Amino acid sequence: MSKRFELNKNLAQMLKGGVIMDVTTPEQAKIAEKAGACAVMALERIPADIRAAGGVSRMSDPKMIKGIQEAVSIPVMAKCRIGHFAEAQILQAIEIDYIDESEVLSPADDVYHIDKRQFDVPFVCGARDLGEALRRISEGASMIRTKGEPGTGDVVQAVRHLRLMQSEIRRLTSLSEDEIYEAAKQLQVPYELAKYVHDNGKLPVVNFAAGGVATPADAALMMQLGAEGVFVGSGIFKSGNPEKRAAAIVKAVTNYKDAKLLAELSEDLGEAMVGINEQEIEIIMAERGK
Amino acid sequence: MTIAILAVQGAFYEHGEILRKLGIEHFEIRQQSDLNKHFDGLIIPGGESTVQGKLIRELNLYDTLKEKILQNLPVFGTCAGLLLLAKQISNDEKTHLGTMNITAVRNAYGRQLGSFSTDGNFKGIGTVPMTFIRAPYIEQVGENVEILAEYNGKITAARENNQLVTAFHPELNDNLSIHRYFADIVENNA
């Protein structure tokens, strides 16, 4: 593993126990930073609006991203399309702290993901199961998040992805040494990565929850299921009182097991974002990229 | 000896793993009730200083922690932990615990592309691996502050009595020597 990959994995370790928030303007970025975000994701439209608008969705305007980089002192992430290495090169050129090769945008390549090892900046990628997570890591991702179903305010898919990943990790851990080869074959991942999970009982990189987290209780649920932090996309700035909700989710992630505190944090947050059930949506973003 | 690790955000787990390897008892501080337990030393981990600084205030940890440190509780801050202890931060008007007589610069090496690792000399220990992640450095130190490490002419580790800080992350490497150094401070304070 290269030194750069280690450093990029290390940055994700520093984000643990934190909340990464989607923001579309420097003002929102400042609100997020003030509310306790450990990083912000700069994008032109949050997933709920991307979903509503339809059409092709691309990397954000670099000028807009730079405006957000100037507005805050915490790490700034931005999304590129799956497989769109030219967009990733542009994001690296403006010194982004983390690139999200994201299924929220329209995929640019329906076969190949970006060869992330060719880059110096770190990548986070979505995954629905252990095989996907390890394939992305093999391509050079230094952080993983569940895909969930972005822009819905419905946590069911994030829960499904995280539970599946954890249960596959537990299963792999229980195998004997000579069974790992076959497990790697079935997961369609390199043997070394399957072996790492077998030996350590966890992914070789940090794993966050994402997609549909809208309340402090959602965040606490994901943390109790084993997430090391959460991304909140549409859930904050599509709600009635973004500042209060953002700050409450941050505290919920720190004290995710304290139900009494979670009860206090859940009080008077105003209206949560309007949720869309998975049966009601036309585009399943989680199916993009495998 | 029991060491508490501030665990409101960041890489607190990694510090716990190192203490486990050293056979030192430890627990996490996430809320006010955790402060009722006895501890002989405190570690403030890497993470985002803005988040940790906000949470120690809002979770009502600030006053007790500050008081204990001012009463000589041994404390070890890495990266964000250094910023939490710094009396001044030259590029941020907001300071946090502010108990250590140093002036720090936040994100002193720029964004993630400026992150790096190196081997460097740590006074009293020798050569140790040093990992800098969007790291700060120390621009200026007060008179009772001992400089323990420098990189390219910038101070990257220092000590003032029982307060120890590093701009880099000893918790990210297998080398246990700096945590052992801190454990000695805790031991000698008892």
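Accessible areas here come from the Shrake-Rupley method with a 1.4 Å probe, and for residues only the protein chains shown count as cover. This is a predicted model in which local features need pLDDT of at least 70 and side-chain atom pairs count only at pLDDT 80 or more, while totals for chains, interfaces and linings use all residues. Residues are numbered from 1 along each chain as its sequence is written, chains are lettered from A and ligands numbered from 1 in the order in which they are written, and side-chain values use heavy atoms, leaving out hydrogens and water.

**View 1. The surface and charges of chain B.** Chain B has an accessible surface of about 7400 Å², and carbon and sulfur atoms account for 38% of that. Its charged side chains come to 17 positive and 22 negative, with the centres of the two sets 4 Å apart. For this tally, Lys and Arg are positive, Asp and Glu are negative, and His and the chain ends are not counted. Each charge is placed at NZ of Lys, CZ of Arg, CG of Asp or CD of Glu.

**View 2. The fold of chain B.** Five helices and twelve strands make up the count for chain B. Its radius of gyration is 15 Å, close to the 16 Å that the globule rule gives for 190 residues, so chain B is as compact as a globular protein of that length. That radius is taken over C-alpha atoms, and the globule rule is 2.2 Å times the number of residues to the power 0.38. Helices (H or I, at least four residues) and strands (E, at least two) are DSSP runs, numbered from the N terminus. Along the principal axes, the C-alpha trace of chain B spans about 40 × 35 × 30 Å.

**View 3. Chain A as a whole.** Chain A has 13 helices and eight strands. Its radius of gyration is 18 Å, close to the globule-rule 19 Å for 290 residues, so chain A is as compact as a globular protein of that length. Buried residues (under 20% relative accessible area; exposed is over 50%, partly exposed in between, 1.4 Å probe, protein chains only) make up 61% of the 290 residues in chain A. Take the contacts (heavy atoms within 4.5 Å) between residues at least 6 apart in sequence: in chain A, 66% of them join residues at least 24 apart.

**View 4. Cysteines without partners.** There are zero disulfides over all chains, a disulfide being a pair of cysteine sulfur atoms within 2.5 Å. Cys125(A) is in no disulfide, and the nearest cysteine sulfur, in Cys80(A), is 8.1 Å away. Cys125(A) is also buried, at 0% relative accessibility. For Cys38(A), the closest cysteine sulfur belongs to Cys79(B) and is 13 Å away, too far for a bond. Cys38(A) is buried too, with a relative accessible area of 0%.

**View 5. Glu95(A) and its backbone.** Most residues other than glycine have a negative phi. Glu95(A) is not a glycine, yet its phi is positive, about 60°. Look for Glu95(A) in the loop between helix 5 (85-93) and strand 4 (98-102) of chain A. Glu95(A) is partly exposed, at 39% relative accessibility.

**View 6. Asp268(A), past helix 13.** Asp268(A) sits in the segment after helix 13 (259-265) of chain A. It has a positive phi of about 50° although it is not a glycine. Asp268(A) counts as exposed, with a relative accessible area of 65%.
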